Amino acid sequence: MEDGSKTQAFRRDAERGIEAVVQRLRGQEKFTDTILDNLPLALFCKNADDGYRFVLWNKRQEDITGITREEAIGHTDSELFSSQAAKYFREIDEGVINSGRSLEIPEEKISSPTVGKIWLRTFKCPITGPDGTQLLLGVSEDITSHIKDRERLHRTSKEIESLELQLIQAEKLESIGRLAAGVAHEVKNPLACLMLGAQYLERALEDPSDDVKNVIEEMKNAVARGEQIVRGLVDFSSLRQLQVEPIDPQTWLDRAIGFVRHECIRASVRIRCDYQHQGALAAVDSAKMEQVLVNLLTNSIHALELVEDRADRSLEVTTCVCELVEAPPDEGDRSGERVRKGDHVVRIEIRDSGPGFPPDKLSVIFDPFFTTKPTGKGTGLGMSVARKIIALHGGMIEIRNRKRGGAVVALSLKVATEFEDTPVSS
Amino acid sequence: MAKVLLIDDEEGFTNLVKANLSLGGKHEVHAVNDPLQALDAALSFEPEIIILDLIMPGMDGGDVAARFREKPELADIPIIFLTALVSPSEVAPGTVAQSGDYPLLPKPVDINLLERAIKENLRSSQGE
């Protein structure tokens with residue numbers, strides 16, 4: 001063979017050899033890329049010598065951030081994320097590179113422009129590239145679901161705590177209730193005897209002086225008050241079974257108003273009714289609802305007695321069917337199904353032109369024995385009983401002061417199902 | 001003036017009702033505190049009207065009334081029930097509630113209401 005052909009053959013072999021090595025390297029590179037893209041962890045690499053531009057961005061990093069490899073490679077954090085986030089990343093990156101030490105960030109919240117808010121656990125370390133460049137390697141694990149589980153667990157344990165407290169409270173009330181019922185029953189008879197005694201003195205004394213008459217009157221009033229408290233205690237402790245049937249609220253509203261008519265006349269209170277519920281029915285125990293209404297009306301009448309000008313004492317009872325705008329606060333009394341936001345309800349409002357409720361007392365108004373009335377004028381049990389009755393019906397009771405003075409008490413009761421098509425008033 | 005048989009387990013209560021009803025000789029009242037002795041007391045006293053507490057230990061007012069109804073000499077005597085289960089504030093003021101055929105008065109008892117109930121129910125039975 002000549003020298004020329006030897007050289008050509010050598011060159012051909014060398015080229016084939018180089019080709020084979022290149023193919024092998026390419027194959028290895030592809031293999032490495034495949035590994036990186038199939039990792040369940042997000043991998044990225046920034047060139048610290050070139051403005052921390054991204055030089056590596058694997059598939060999982062694409063998935064987590066919603067930013068593609070093509071969009072990321074050659075760009076910086078400030079071009080891909082918010083300026084606040086970019087600043088945060090840069091600070092950490094520089095810290096890692098300058099200290100030469102790796103860093104684990106157990107939890108960081110990232111806001112990706114495409115995916116929204118996610119939680120990551122990130123590991124960053126300084127490495128040297130194949131050509132000697134200073135690189136920052138980052139590995140991230142998406143722990144969003146883990147964080148959400150943790151929050152849910154936290155919420156659940158808070159709920160359990162709250163339920164436990166409510167249960168304890170309910171048990172306390174239950175035993176107070178039982179005690180109250182027992183006391184009430186025992187006290188009734190002595191009260192009955194006192195009443196009979198006072199009445200006997202009234203009739204047996206011939207020509208009693210005014211003082212004697214007053215004393216006897218006071219005794220009778222005291223017995224009546226005692227009896228009211230006993231009644232309140234019995235009510236408070238005995239609310240259990242309701243006899244519910246769909247009924248037009250007008251029936252028990254009218255009865256309740258009839259019951260307090262004498263009181264209204266005595267106190268010069270004008271009552272006005274405006275029923276706009278168009279015959280919609282609500283499933284209630286009408287005797288209990290009547291009791292609630294009598295209670296609320298009586299409260300209003302007592303409040304109105306504080307209004308000096310008798311002509312200004314007015315009471316308005318209105319009804320309508322509407323959609324519940326706000327759900328009732330969590331009261332823990334889950335004996336029935338409560339009304340929910342968006343439910344059709346019959347809304348009954350009692351508005352008075354009295355002095356309104358002291359604002360600092362609005363939150364405790366339903367506590368048993370809370371009362372703003374002077375001693376002798378009310379037991380303080382009425383509102384807590386009323387609330388309990390409404391809660392047992394799955395309804396809602398709200399109290400607020402009117403802007404122009406006076407108070408509004410609003411009851412919301414679920415419309416009985418067959419009447420859900422009743423037109424809703426605004 | 002009427003012969004009234006009063007049946008209630010509380011002695012203090014019956015003493016006071018008796019004192020009120022017999023004031024000025026208005027009525028002749030015989031009180032019984034043991035419901036088990038009510039039947040014999042009724043048969044010997046021959047009342048024109050009976051005032052009967054509903055809840056009593058040993059035998060409640062309903063059972064006592066049933067026993068009276070079984071005896072021909074007692075069957076037509078009007079009965080007024082008293083009960084601590086209803087409060088005066090649960091009844092519209094000034095009215096006498098009914099429990100079926102019988103008037104039902106809440107405790108604590110208003111003596112004026114009791115006297116009115118006696119008057120009205122005596123009259124109606126005497127009118128028959």
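Is Asn58(A) buried or exposed, and how many other C-beta atoms lie within 10 Å? The legends below concern a predicted model, and the opening view takes up this residue.

Figure 1. Asn58(A) is buried: 21 other C-beta atoms are found within 10 Å, and the cut-off for a buried residue is 20 or more. The residue sits in the loop that runs between strand S2 (53–57) and helix H2 (59–65) of chain A. Leaving aside residues up to four places away in sequence, Asn58(A) touches Leu36(A), Asp37(A), Leu39(A), Ala42(A) and Leu43(A). Ile35(A) is 23 residues from Asn58(A) along the chain, and the C-alpha atoms of the two are separated by 9.7 Å.

**Figure 2. The side of chain A that touches chain B.** In this view, 19 residues of chain A are in contact with 18 residues of chain B. Two helices of chain A, H6 (144–204) and H7 (210–238), each supply at least two residues of the chain A side. The largest share comes from H6(A), with 13 residues. Sorted by class, the chain A side has nine nonpolar, six polar and four charged residues. For the complex, the predictor gives an ipTM of 0.78 and a pTM of 0.46.

**Figure 3. Elements of chain B.** Chain B has six strands and four helices. Read from the N terminus, the order of these elements is β-α-β-α-β-α-β-β-β-α. Of the 128 residues in chain B, 36% are buried. When contacts in chain B between residues at least 6 apart in sequence are considered, 56% of them join residues at least 24 apart. The mean pLDDT of chain B is 84, with 83% of its residues at 70 or more.

**Figure 4. Helix H1 of chain B and its buried residues.** Helix H1 of chain B covers residues 11–21. The buried residues in this helix are Phe13(B), Thr14(B), Leu16(B), Val17(B), Asn20(B) and Leu21(B). Why do the buried residues of H1(B) line one face of the helix? Seen down the axis of H1(B), they fall within an arc of 165°, so they line one face.

Notes: Residues are numbered from 1 along each chain as its sequence is written. Chains are lettered from A and ligands numbered from 1 in the order in which they are written. This is a predicted model: local features need pLDDT of at least 70, side-chain atom pairs count only at pLDDT 80 or more; totals for chains, interfaces and linings use all residues. A residue is buried if 20 or more other C-beta atoms lie within 10 Å of its own, exposed if 12 or fewer, and partly exposed in between; C-beta atoms are placed from the backbone. Two residues are in contact if their C-beta atoms, placed from the backbone, lie within 7 Å. Ala, Val, Leu, Ile, Met, Phe, Trp, Tyr, Cys and Pro count as nonpolar, Asp, Glu, Lys and Arg as charged, and the others, Gly among them, as polar. pLDDT is the predictor's confidence in each residue, from 0 to 100. The arc is that of the directions from the helix axis to the C-beta atoms.
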